[in-house]
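Here is a short walk through one structure. Keep the sequence and the 3D view at hand as you read.

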Amino acid sequence: MHGAAILTVGVIIMKILGFFYKIPLGNILGDEGYSMFMGAYSIYYIFFTLATAGLPVALSRLVAEADANGRAKQEEKTFRVALVTFSLLGLVFASIMFFFPDWLAAVYLENPDAGPSIRAMAPAILLVCIVSAYRGYCQGNGNMLPTTVDEVLEVLFKVVAGLVIAVLVLRS
């Protein structure tokens with residue numbers, strides 16, 4: 001119940017932050033800039049989903065099982081392997097977003113101007129993957145606080161990414 005309460009508070013904070021950043025961001029960016037942000041975010045979200053869908057949950061189950069059986073070394077080894085795997089996956093996806101943003105923007109968004117916005121969001125994929133490994137490990141040990149903090153920080157990162165994109169749009 002304690003973990004569920006922590007997650008509930010986190011969801012409430014995320015929804016409030018999401019509400020307060022979307023409207024001002026849309027006003028700052030204007031229609032064209034906001035469409036670039038949303039396009040970049042849709043590419044980011046595809047890679048985010050591919051990189052994190054189910055992986056932290058699977059890790060948490062493996063860690064919880066090792067913990068329940070008193071296998072501390074297996075728990076640590078599982079985490080180390082997952083951290084390397086998640087990091088490599090994040091590096092691959094971040095590299096695609098960083099080195100091929102114009103191609104992604106032209107082919108998938110049909111908006112070549114969104115390339116710089118996609119590049120601005122590339123580092124987030126690497127960070128999200130690394131944090132997902134820690135999130136799965138903590139959840140496997142029954143600690144939900146890092147998951148909540150992580151989710152709130154993800155929303156805050158979206159705000160920062162939106163502001164970076166706003167600067168890029170206003171410069172052009």
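Start with helix α3. Its 28 residues should span 40 Å at 1.5 Å a residue, and its end C-alpha atoms lie 40 Å apart, which agrees. The expected span is 1.5 Å times one less than the number of residues. Helices here are DSSP runs (H or I, at least four residues), numbered from the N terminus.

This is a predicted model: local features need pLDDT of at least 70, side-chain atom pairs count only at pLDDT 80 or more, and totals for chains, interfaces and linings use all residues. Residues are numbered from 1 along each chain as its sequence is written, and side-chain values use heavy atoms, leaving out hydrogens and water.

The buried residues of α3 include E75, T78, F79 and A82. Take T78, in α3 (residues 72-99). T78 counts as buried because its relative accessibility is 18%; buried means under 20% relative accessible area, with a 1.4 Å probe and protein chains only. Leaving aside residues up to four places away in sequence, T78 touches L59, L62 and V63. Contact means heavy atoms within 4.5 Å.

Now turn to another pair. Helix α2 (residues 55-68) and helix α5 (residues 115-140) pack at about 40°, with axes 7 Å apart. Therefore α2 is oblique to α5. Angles under 35 degrees count as roughly parallel, over 145 as roughly antiparallel, 65 to 115 as roughly perpendicular and the rest as oblique. Axes are lines fitted to C-alpha atoms, for helices over the stretch in contact, and angles run from 0 to 180 degrees between N-to-C directions. In α2, P56, L59, S60, V63 and A64 meet S132, A133, G136, Y137, Q139 and G140 in α5.

Conventions. Helices (H or I, at least four residues) and strands (E, at least two) are DSSP runs, numbered from the N terminus. Buried means under 20% relative accessible area, exposed over 50%, partly exposed in between (1.4 Å probe, protein chains only).
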